[in-house]
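Okay, thanks everyone, let me put the model up on the screen.

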Amino acid sequence: MQSKLLRGTFILTFGTILSKILGLIYVIPFFQIVGREGTVLYQYSYVPYTIFISIATAGIPLAVSKFISKYNALEEYAVGRKLFKSGLVVMLTTGVISFLIMYFAAPVFAEMSTNKDANIKDVTTVMRAVSFALIIVPFMSLIRGFFQGHQSMGPTAVSQVVEQIVRIAFLLIGAFAVLKIFKGDIVTAASVATFAAFVGAIGGLLVLFWYWYKRKPYLDELLRKDKGTVEISLKEIYKEILFYSAPFVLVGIANPLFQAVDQFTFSKAMAEIGIQAKVADSYFSILNFESHKIVIIPMSLATAFSLTLVPSITQAFVAGDRKSLNHQLNQTFQVLLYLTLPASIGLSLLAEPVYTAFYQHDIVGTEVLRAYAPVAILFSLYSVTAAILQGINEQRFTILSLLVGLLIKLSLNIPLIKIMETKGAVLATTLGYAAAILINLMVIKSFAHYPFRLVLRRSLLIVIFVGFMWAGTGIVYQLLLLFLSPESKIESVILIGLSASVGAAIYFYLGLKSGLARKLFGDRVDRLLKKLQIFGRRRASEN
């Protein structure tokens with residue numbers, strides 16, 4: 001049973017990470033096809049869509065899977081099937097309602113987002129194109145949760161990857177065809193790109209239907225084994241589902257809500273200081289789409305690794321095992337900082353070639369990315385601390401911390417944008433997230449009685465290692481600038497590869513010599529070293 005659970009967790013984690021990687025990489029060709037004008041329209045529509053879809057689906061697969069697995073363990077299989085049948089109708093209904101709200105409210109969202117009358121019409125068109133995906137995605141999330149409740153992670157993982165592949169293929173081919181083959185306008189191209197979310201969702205749904213067809217005989221066999229001793233109403237079922245999923249909804253929409261504040265205030269604040277609407281739109285795209293897509297790379301990797309430790313935190317807390325709980329929290333925070341801090345600082349240092357490699361050489365884009373990259377540390381810390389609150393059953397405080405963070409962002413965004421332009425929005429996000437994280441940490445300290453002494457000491461050690469890494473990377477980067485230019489895409493890739501390799505080698509060496517890497521990752525480090533030694537011997541024998 002344990003091996004099956006670990007295998008399922010690995011499959012789901014791998015599928016999620018692969019899906020996220022695909023969702024990051026596509027921006028490179030997409031930007032080359034539609035340019036900044038296209039990404040502006042795309043981002044204006046995607047922020048409201050992300051909020052809608054997060055509210056409709058965030059936590060649903062986890063909540064449904066927990067509910068079904070709970071009653072499956074009691075051999076009450078009919079309860080899970082009852083939820084599934086009823087839930088499909090409910091999620092389809094909520095999906096249609098969400099679609100109608102976004103479709104007809106699109107002009108209002110567009111007017112809140114931009115100042116230009118012509119642009120309002122364009123943004124409305126693109127928003128309406130993406131809203132169709134809301135019909136299918138909530139329905140699909142329930143099916144994923146049903147399979148996960150039966151300890152079957154494959155359907156979710158495969159459907160996520162297929163959904164992304166279909167979406168990205170349709171997005172890139174469609175936008176290219178509109179602009180290059182049919183000589184259409186940028187609004188049509190952006191609309192096709194956002195409509196790709198609906199097409200991708202169909203692809204993911206077809207995969208789930210195939211799995212359902214293949215697994216139905218087995219699922220029906222389970223029904224015949226049902227004990228039938230538990231009677232539970234649909235009202236009680238949905239009460240339990242909503243209670244469990246609510247914290248995940250809040251965590252899931254935190255980042256989109258911060259982006260929404262920028263979307264609804266940025267262009268207006270820039271207009272008040274005399275910045276032209278077209279320039280403001282360009283800066284908004286740099287902030288909320290181009291830079292943001294790069295910044296969440298270190299966050300995604302570190303958070304995915306750290307969150308694998310959260311179930312053991314829950315188990316230790318429920319069992320009252322203080323020693324194990326402190327150990328798990330120590331591991332979680334240290335792993336998070338060990339992975340995220342060097343990645344975000346390195347990204348800030350190499351901002352110019354990174355931005356060029358992803359998009360184009362742009363001085364403003366470089367400066368925004370340089371300022372924005374360290375915020376990835378806060379994104380990661382918020383996600384993990386919110387998950388820990390869930391683990392220690394204090395998820396109600398996620399509401400407080402998120403509201404405080406958003407209030408700070410709302411209060412400071414316009415004044416800071418007027419003073420610092422785009423960097424002002426970055427600073428407001430930084431202060432908002434910092435406040436939310438501080439509240440989460442205070443709750444963890446208070447209710448889990450967790451001492452932060454070890455983490456603080458190790459954090460100082462990690463900061464010192466990052467300082468050496470930053471110095472070594474910076475020296476190599478400056479030397480390479482004598483021969484290579486960050487204005488060229490190919491030369492930027494070489495700059496990133498060589499500079500980052502030196503920085504990573506310095507950081508890994510320091511972590512290894514100090515023993516910190518082994519304390520955090522255990523025998524994984526030894527296995528990696530053995531592989532490197534074997535690879536080195538093979539290369540030596542070949543030469």
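So, the aromatic cluster: ring pairs link Phe 99, Tyr 103, Phe 104, Phe 132, Phe 170, Phe 195 and Phe 198. By a pair I mean rings of Phe, Tyr or Trp (for Trp, the six-membered ring) with centres within 6.5 Å; planes under 30 degrees apart are stacked, over 60 edge-to-face, and the rest tilted. Before I go on, this is a predicted model, where local features need pLDDT of at least 70 and side-chain atom pairs count only at pLDDT 80 or more, while totals for chains, interfaces and linings use all residues. Residues are numbered from 1 along each chain as its sequence is written, and side-chain values use heavy atoms, with hydrogens and water left out.

The structure holds 35 aromatic pairs. Take Tyr 103 and Phe 104: their ring centres are 5.3 Å apart and the planes are at 80°, so that pair is edge-to-face. Phe 104 is exposed, at 58% relative accessible area, and Tyr 103 is partly exposed at 25%. The cut-offs there are under 20% for buried, over 50% for exposed and partly exposed in between, with a 1.4 Å probe and protein chains only.

What sits over the ring of Tyr 103? That's the charged end of Arg 128, 4.7 Å from the ring centre. Arg 167 does this with Tyr 26, at 5.0 Å from the centre. To count, NZ of Lys or CZ of Arg has to be within 6 Å of the ring centre and within 35 degrees of the ring normal.

Now the nonpolar surface patch, about 410 Å², made by Leu 412, Ile 419, Met 420, Leu 427 and Leu 431. Patch residues have over 30% relative accessible area and no salt bridge, with nonpolar side chains (Val, Leu, Ile, Met, Phe, Trp, Tyr) joined within 5 Å and like charges within 9 Å. A salt bridge is a Lys or Arg side-chain nitrogen within 4 Å of an Asp or Glu carboxyl oxygen. Helix 16 (396-420) and helix 17 (422-447) each supply at least two patch residues, and helix 16 gives the most, with 3. Helices here are DSSP runs of H or I, at least four residues, numbered from the N terminus. Leu 412, in helix 16, is partly exposed at 31%.

Last one: is Thr 473 buried or exposed? Buried, at 3% relative accessibility. Thr 473 is in helix 18 (residues 453-480), and leaving aside residues up to four places away in sequence, Thr 473 touches Leu 349, Leu 350, Ser 499 and Gly 503, where a contact is heavy atoms within 4.5 Å.

Methods: Accessible areas come from the Shrake-Rupley method with a 1.4 Å probe; for residues, only the protein chains shown count as cover.
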